[in-house]
Amino acid sequence: MNRFSYTRATAVPQAIDQHRANATAAFIAGGTNLVDLLREDVTHPAVLVDINRLPLRRIEATDAGGLKIGALVTNSALAYDDTVAARYPLLAKAILAGASAQIRNVATVGGNLLQRTRCHYFYDAGTPCNKREPGTGCPALAGVNRIHAILGASEQCIAVHPSDMCVALAALDATVHVAGSGNGTRTLPFADFHRLPGDTPHIDSNLRDDELITAIELPEEGFAAHHAYVKVRDRASYAFALVSAAVGLELDGDTIVNAHCALGGVAHKPWRDPEAEAVLRGKRLEAAVVRDFAAMLLRGAQARRDNAFKIELAARVIARAFELAAQRSFEEAAS
Ligand code: SF4
């Protein structure tokens, strides 16, 4: 049984101080992943700092023409926000492709970024796992690895990030706002927020121990006219992506002016390649161009025993997402 104490913060500096006071403290908001981790004996915080009363539930316009989303905005509130639905429908669709309605009603934006992998071994405290206990090994390397990474993995960990929302945030070039001790604040480009596993798979993100996510900022461009989120999973709902793709296009007729494409379910973080996207600019949007783009985005993909299918699946998901994004009246991604 995990014994922990509970405290509640009403201001960001207070929450950070309460968290800093104990090396194993954890922030809790919606708790939709943390409570699982406690139940499964994966994590053992001595203190839970409840941040639900912090003033971080606003969605507001920015001077730069974008949107700033408080870290405690729930997934449901964000997906059904009028401005998000109208200007950032890619984000709304990715959120609604994830979890269940009940979970989305309490899960928060900040928590979504910090959720842990769903690797089976990670949740089985009876097996070794480098992410749970550094230096103990990775049984997924030679074990059941159908859901695991094909890109950016290491011999220490081949887990994938489970979020749908983060795939859309990566494609939208979001920025993460964080607060630290001493009233310090900083921003991280979304691409730099999550980490690849390397030799430190137990560290999922570049958030420092004394920092708290306070908001996510979206730029002005939301790709409302041409976007798609395509998610392939083992069942129609309440399942994590085997492969997903978030695509936003700016088109001039059938010529690509700008293209963003992030993949989910394939790596330790949403997978994007600005170099591959740059090659698309000025090209006609046609199947062969998208096929070449997919090959470039997936270069270096490495199959494990059970997940070779993900490489071809990813290429097909990319093709489908571009096809749907090109259709202005796109309503529903394949699933
Ligand atoms: Fe642990 Fe990562 Fe290996 Fe899964 S893939 S068992 S999370 S080290």
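# Asking how we know: a predicted model

User: Where does Ala101 lie?

Analyst: Ala101 lies in helix H6, which covers residues 101-106. Keep in mind as we go that this is a predicted model.

User: Why is Ala101 called partly exposed?

Analyst: Its relative accessible area is 41%. Buried means under 20% and exposed means over 50%, with partly exposed in between. The 41% of Ala101 falls in that middle range, so Ala101 is partly exposed.

User: What makes Asn75 count as buried?

Analyst: Asn75, in helix H3 (residues 75-79), has a relative accessibility of 7%. The cut-off for buried is under 20%, so with 7% Asn75 counts as buried.

User: How do you know that the side chains of Asn75 and Asn112 make a polar contact?

Analyst: The distance given for this pair of side chains is 3.4 Å. A polar contact needs N or O atoms within 3.5 Å, one able to donate a hydrogen and the other to accept it. The 3.4 Å of Asn75 and Asn112 lies within that limit, so the pair is listed as a polar contact. Leaving out residues up to four places away in sequence, Asn75 also touches others, including Ile95, Arg104 and Met165.

User: Why is Ser244 called buried?

Analyst: The relative accessible area of Ser244 is 1%. Ser244 lies in strand E10, residues 243-252.

User: What makes E10 largely enclosed by the rest of the structure?

Analyst: Seven of its ten residues are buried, so strand E10 is largely enclosed by the rest of the structure.

User: How do you know that E10 pairs with E9 and E11?

Analyst: Two strands pair if at least two bridges are found between them. Strand E9 (residues 227-232) and E10 have six bridges, in the antiparallel sense, and E10 and E11 (residues 255-264) have nine, also antiparallel. Both counts meet the cut-off of at least two, so both are pairs. As examples, Val232 stands opposite Val243 in E10, and the bridge partner of Ala246 is Ala262 in E11. E10 and E11 form a hairpin with two residues between them, and Gly253 in the turn has a positive phi of about 65 degrees.

User: What joins E4 to E5, and E5 to E8?

Analyst: Three bridges join strand E4 (residues 59-61) to strand E5 (residues 67-70), which run antiparallel. Four bridges join E5 to E8, again antiparallel. Lys68 figures in both pairings: Lys68 is the bridge partner of Glu60, and Lys68 stands opposite Glu217 in E8. The hairpin of E4 and E5 has five residues between the strands, and there Gly65 takes a positive phi near 90 degrees.

User: Why are the buried residues of H1 said to be on the same side of H1?

Analyst: The buried residues of helix H1 (residues 12-20) are Val12, Ala15, Ile16, Gln18 and His19. They cover an arc of only 160 degrees around the axis, which puts them on the same side of H1. These buried residues pack against strands E1, E2, E3, E6 and E8.

User: How many helices and strands are there, and what makes the protein as compact as a globular protein of its length?

Analyst: There are eleven helices and eleven strands. The radius of gyration is 20 Å, close to the 20 Å that the globule rule gives for 335 residues, so the protein is as compact as a globular protein of that length. Its C-alpha trace spans about 60 × 50 × 35 Å along the principal axes, and 52% of the 335 residues count as buried.

User: What separates domain 1 from domain 2?

Analyst: The domain assignment gives domain 1 as 1-53 and domain 2 as 227-334. Their centres, taken over C-alpha atoms, are separated by 36 Å.

Definitions and conventions: Residues numbered from 1 in each chain as written. Predicted model: local features only at pLDDT ≥ 70, side-chain atom pairs only at ≥ 80, totals over all residues. Heavy atoms only, no water. Buried < 20%, exposed > 50% of the residue type's maximum accessible area, 1.4 Å probe, protein only. Contact = heavy atoms within 4.5 Å. Arc of directions from axis to C-beta. Domains from an automatic or database assignment. Rg over C-alpha atoms; globule rule 2.2 N^0.38 Å.
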